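Please look over the sequence and the 3D structure shown here before reading on. The paragraphs below go through them step by step.

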Amino acid sequence: EGVARGTRARAVADLLILVLDGSQPPAAEDRALLAETADRQRIVVSNKCDLTAAVPGVAECAPPGGLLSVSATTGAGMDTLRRGVAAALSGAESLRDGATISNVRHIELVERARARLCAAQSAVGSGETPEEFVLADLQAGRASLEEIVGGRTSEDLLRHIFETFCVGK
């Protein structure tokens, strides 16, 4: 079932990211998948760059654009992968304008979410903060973002609705 779902998703995807085990030579299935997707927009990634040097045969599977090496364990190469995905999906046109938020309440919620996420990042960086406190900051940041998209309502939002709009019977 997993293979069937992957095949259906691959058929409609704008960009394919093929992840190969960089610690061993490509298997027959890897080579077959690379051949099947040769005409599609894709990024070929060699994982486990932290374990070994380049394994013979992996680089030869890469498309003309090259092979990205990453480590899911250490995070090495992930920034390059993110930039590659963004570049592939944005095409030749560079992104000119960022998203604009004009609603004052949304701006406040985004700022609140950013503050909580920064607090969580600092707590993780210190290495001394208990996991529960980091999770509390992450959940608070997420709650602020959910208020923007309508996933949650707060008392402030309900108060704002009743103060701003005439609500009849």
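This is a predicted model: local features need pLDDT of at least 70, side-chain atom pairs count only at pLDDT 80 or more; totals for chains, interfaces and linings use all residues.

Residues are numbered from 1 along each chain as its sequence is written, and side-chain values use heavy atoms, with hydrogens and water left out.

The protein contains six helices and three strands. Both kinds of element are DSSP runs numbered from the N terminus: helices (H or I) have at least four residues and strands (E) at least two. Along the sequence their pattern is α-β-α-β-β-α-α-α-α. Of the 169 residues, 22% are buried. Here buried means under 20% relative accessible area, exposed means over 50%, and partly exposed lies in between, with a 1.4 Å probe and protein chains only. A contact is a pair of heavy atoms within 4.5 Å. Among contacts with a separation of 6 or more, 60% join residues 24 or more positions apart.

The three strands form an open sheet in the order S1-S2-S3, with parallel pairing. Strand S1 (16–21) and strand S3 (68–69) are the edge strands, each pairing on one side only. Two strands count as paired if DSSP finds at least two bridges between them. Strand S2 (residues 42–47) pairs with S3 in the parallel sense over two bridges, and Ser-46 stands opposite Ser-69 in S3. Helix H3 (residues 78–90) lies across S1, S2 and S3 and runs at about 170° to S2. Such angles run from 0 to 180 degrees between N-to-C directions, using axes fitted as lines to C-alpha atoms, for helices over the stretch in contact.

Next come the charged side chains. A salt bridge is a side-chain nitrogen of Lys or Arg within 4 Å of a carboxyl oxygen of Asp or Glu, and the whole structure has eight of them. One joins Arg-10 and Glu-36, whose closest N and O atoms are 3.3 Å apart. This pair links distant parts of the chain, with Arg-10 in helix H1 (residues 2–12) and Glu-36 in helix H2 (residues 28–36), 26 residues apart. Arg-10 counts as partly exposed because its relative accessible area is 22%.

Within it, the side chains of Glu-1 and Arg-8 meet at 3.7 Å, N to O. Glu-1 has a relative accessible area of 63%, so this residue is exposed.

Glu-108 is partly exposed at 44% relative accessible area, and Arg-112 is partly exposed at 34%.

Last is the surface. The protein exposes about 12,000 Å², of which carbon and sulfur atoms supply 56%; accessible areas come from the Shrake-Rupley method with a 1.4 Å probe, and for residues only the protein chains shown count as cover. Leu-117, Leu-135 and Leu-138 make a nonpolar surface patch of about 230 Å². Patches consist of residues with over 30% relative accessible area and no salt bridge, where like charges are joined within 9 Å and nonpolar side chains (Val, Leu, Ile, Met, Phe, Trp, Tyr) within 5 Å. Leu-138 is located in helix H5 (residues 131–149) and is partly exposed, with a relative accessible area of 37%.
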